[in-house]
Amino acid sequence: MTKPDQSEGDRSRDELLAGEYVLGVLSLADRARVEARLSRDKSFARIVARWQENLADFNDDYEDVVPPAKAFSKIEARLFPKNSFAMELAAAGSWWNSLLLWRGLAFASLALLITYASLQSGWIGSLSPSQPLVARLTGDEGTTIGLLARYDAGNGQLRLTPVAAKVAEQRSLQLWLVPGGGNPAISLGVVPQTGDGTVEIPAAVRPRLKDGVTFAVSVEPLGGSPTGQPTGPVVASGLAKNI
Amino acid sequence: MATDADIAVLIGKVALRDRAALSALYSAIAPKLFSVCLRILKDRSDAEDALQEVFVKIWQRADRFAATGISPIGWLVAVARNHSIDVLRARKPVSDSIEESFDIADSAPGPEAETVMKGEGKRIDRCMEELESDRAMAVRSAYVEGLSYQELAERHGVPLNTMRTWLRRSLMKLKECLDR
């Protein structure tokens, strides 16, 4: 690393390191160190993501080159050895099964209280023409959080209002879509720690948010699950319903 | 030509283990990603191996795409660039440059206000114009071809340390310009 201007401090060093990483000039060992940090330091990950976005215009320099004809069949052979599709499905279902198991055993006392809020009940302040999806996510009285999830299909925003948010410090709440059918949970984002949290639902996931899906919230390391799947206890879940 | 939105949908389906979506994603983006591998590795056979690894990674990591906040094509190109650069650096090592004392410590938890990333659009072009042309060229070829500081220094006929200074100052100037 270069000697940073002391007055600019760590932020400036991080900017430079992130820029060098995205540019690609670092050594293999330094790249590995940066990647290890990326997985646990979300604000650094944001700086890297910003450089990626900023330098992405250079991607125009990569003009299409058709790969060899048999390349894709080799990829399929790597990913899907014969007769393994059933195994794939079984593996995909294991999280769901373990969630049920987890709920059944460890959180036997967690009463899942699902309330469908309606426009008339006063939960939602104003009428929306786009028929928002609403779910109230709650645990029992020992649980420290309750959330009201309201999804607006019009702008793809899912608005989470903590009814009572009080979790141990240095942990994040992560919102998941549980598609059912044995499919793995899809991260919808990390719930902001304080205040009225709005989660921007990724465009790719938006079509999946519809009547009857299940939302779940798990407690994860600060910044969100390191694996892309829930790693901590599921503290609340609820069905979403058109109102 | 598939749009960003089409690609995003395909990545979402791949995250759900949809093999047909993987095939469609391959048709849409493999020529671009093969080009990335080829430009960086400069060998067709190596690039084909890299392309395989890249699609294996896409299959394995598709569920993480949503968390990155970058554009879907940008994410796919980043997977291909990162893999190809790793292969290149493993093949031809360069010296480490992160100071031991720096120890890339985690930054303090900051406000969550930056969760939604602002698109910078085409401002990078304008900012690149503010750099001296040889430095802008060095920045661009570092990115596009995955050149190391040493290779850039040789190409531009300047000492290694000069090239380090060039690129780092250029990065800071770009950052400053993009923040304006």
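Helices (H or I, at least four residues) and strands (E, at least two) are taken here as DSSP runs, numbered from the N terminus. The structure is a predicted model, in which local features need a pLDDT of at least 70, side-chain atom pairs count only at pLDDT 80 or more, and totals for chains, interfaces and linings use all residues. Residues are numbered from 1 along each chain as its sequence is written, while chains are lettered from A and ligands numbered from 1 in the order in which they are written.

With these elements defined, B:Ser71 is placed in the loop between helix 3 (44–68) and helix 4 (72–91) of chain B. A residue is called buried if 20 or more other C-beta atoms, placed from the backbone, lie within 10 Å of its own, exposed if 12 or fewer do, and partly exposed in between. B:Ser71 has 18 other C-beta atoms within 10 Å and is therefore partly exposed. Contact between two residues requires that their C-beta atoms, placed from the backbone, lie within 7 Å. When residues up to four places away in sequence are set aside, B:Ser71 touches A:Ala56 and B:Asp4. The C-alpha atoms of B:Ser71 and B:Ile7 lie 9.4 Å apart, although 64 residues separate the two in sequence.

B:Ile7 belongs to helix 1 of chain B, where it is buried together with B:Ala8, B:Val9, B:Leu10, B:Ile11, B:Gly12, B:Lys13, B:Val14 and B:Ala15. Because 9 of its 12 residues are buried, helix 1 of chain B is largely enclosed by the rest of the structure. The expected span of a helix is 1.5 Å times one less than its number of residues. For helix 1 (residues 4–15) of chain B, with 12 residues, this gives 16 Å, which agrees with the 16 Å between its end C-alpha atoms. B:Arg17, which follows this helix, has a positive phi near 65°.

Chain B as a whole contains 8 helices and 0 strands. Of its 180 residues, 40% are buried. Contacts between residues at least 24 apart in sequence make up 60% of those in chain B with a separation of at least 6.

Two helices of chain B illustrate the packing within this chain. Axes are lines fitted to C-alpha atoms, for helices over the stretch in contact, and angles run from 0 to 180 degrees between N-to-C directions. Helix 6 (residues 133–145) and helix 8 (residues 160–179) of chain B pack with their axes 10 Å apart, at an angle of about 90°. Helix 6 of chain B is therefore roughly perpendicular to helix 8 of chain B, where angles under 35 degrees count as roughly parallel, over 145 as roughly antiparallel, 65 to 115 as roughly perpendicular and the rest as oblique. From helix 6 of chain B, B:Arg135, B:Ala138, B:Val139 and B:Ala142 meet B:Met163, B:Trp166, B:Leu167 and B:Ser170 of helix 8 of chain B. This contact comprises 6 nonpolar, 1 polar and 1 charged residues, with Ala, Val, Leu, Ile, Met, Phe, Trp, Tyr, Cys and Pro counted as nonpolar, Asp, Glu, Lys and Arg as charged, and the others, Gly among them, as polar.

Chain A has 5 helices and 9 strands, and its elements run α-α-α-α-α-β-β-β-β-β-β-β-β-β from the N terminus on. Buried residues account for 37% of the 243 residues of chain A.

Between the chains, 69 residues of chain A are in contact with 76 residues of chain B. On the side of chain A that touches chain B, at least two residues each come from helix 1 (9–23), helix 2 (28–40), helix 3 (42–55), helix 4 (71–79), helix 5 (85–105) and strand 5 (186–191) of chain A. By class, that side has 34 nonpolar, 13 polar and 22 charged residues.

Confidence is expressed by pLDDT, the predictor's confidence in each residue, from 0 to 100. Chain A has an average pLDDT of 69, with 58% of the residues scoring at least 70. Among the elements of chain A, the mean pLDDT is lowest in helix 5 (45) and highest in helix 4 (92). In chain B the mean pLDDT is 85, and 85% of the residues reach 70 or more. For the complex, the predictor gives an ipTM of 0.88 and a pTM of 0.60.
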